[in-house]
Amino acid sequence: MNRVSLKPLRIQDETALYTFECENRPYFERYVSSRGDTYYEPEAFRQALEHLLAEQVNGDGYYYLIWHGESIVGRLNVHHVNFETGEIGYRIGEDYVGRGYATAALQQLLTLNLPRFTRLIAKTTTDNKASQLVLMRSGFSRKVEIHQIEWEGRFLSFYTYVYEMDR
């Protein structure tokens, strides 16, 4: 696999990101709840992007695009849970799954200076073996307990993974 690049979200990436999100909408919605039709309207998408960029400037969240060459292959986000804990979320486009992009991007993220965080957490469904491998390969440890939520009439079980940062 050629090198993957993790780059902070920028307004200049709006068109490429919009295309990525629209093309992958059906794939993503098989695994996570829909963002709704409004999100995919150009003006609403721009407003959502501007909101993320404002959070990034304020240090309330860190948002990255995962690039391979000139193509966006995924996204990786860090949201504040509290002052010292951030929650990781990532998604890889359908045409790019299984190629190591998520692992490479997450490992790059862990080399960055993420102010204030002493630990990161991530959650994945108990049946998402690929995401579990990404987290374990990147140094996260799985907590023992499992929690459940109801989604579209069915119950999903989740593992929580923790990464203690060296500070």
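The bend at a residue is the angle between two axes, one fitted to the seven residues ending there and the other to the seven starting there. With that in hand, welcome to this predicted model, where α1 bends by about 30 degrees at cysteine 22.

**The bent helix, α1**

- Helix α1 spans residues 14–28, and its bend at cysteine 22 is followed within four residues by a proline, proline 26.
- Its buried residues are Glu14, Leu17, Phe20, Glu21, Asn24, Arg25, Tyr27 and Phe28.
- An α-helix has 3.6 residues a turn, so residues three or four places apart point the same way.
- The buried residues of α1 pack against another helix, α2 (42–58), and against the strands β2, β3 and β4.

**The enclosed helix, α3**

- Helix α3 covers residues 101–109, and it is largely enclosed by the rest of the structure because 8 of its 9 residues are buried.
- Those buried residues are Tyr101, Ala102, Thr103, Ala104, Ala105, Leu106, Gln108 and Leu109.
- Their cover includes the strands β1 (5–8), β2 (61–68), β3 and β4, along with the helix α4.

**The largest pocket**

- This pocket has a volume of about 1600 Å³.
- It is lined by 45 residues, and Tyr31, Val32, Tyr90, Arg91 and Asn128 are the ones that lie nearest its centre.
- Several helices and strands each supply at least two lining residues: α1, α3 (101–109) and α4 (129–137), together with β3 (71–80), β4 (85–92), β5 (119–125), β6 (141–151) and β7 (154–164).
- Strand β4 provides the largest share of this lining, with 6 residues.
- Sorted by class, the lining holds 21 nonpolar, 14 polar and 10 charged residues.

**The second largest pocket**

- The second largest pocket holds about 190 Å³ of space.
- Around it you will find Ala16, Phe20, Glu23, Asn24, Ser71, Ile72, Gly93, Glu94, Asp95 and Tyr96.
- Both α1 and β3 supply at least two residues of this lining, and α1 gives the most, with 4 residues.
- By class, the lining has 4 nonpolar, 3 polar and 3 charged residues.

Technical notes:
Residues numbered from 1 in each chain as written. Predicted model: local features only at pLDDT ≥ 70, side-chain atom pairs only at ≥ 80, totals over all residues. Heavy atoms only, no water. 1 Å grid on protein atoms, 1.4 Å probe; cavity = no way out; pocket = protein on both sides within 12 Å on 5 of 7 lines; lining within 4 Å. Points joined across faces, edges and corners; volume = space filled by probe spheres on them. Nonpolar A, V, L, I, M, F, W, Y, C, P; charged D, E, K, R; others polar. Buried < 20%, exposed > 50% of the residue type's maximum accessible area, 1.4 Å probe, protein only. Contact = heavy atoms within 4.5 Å.
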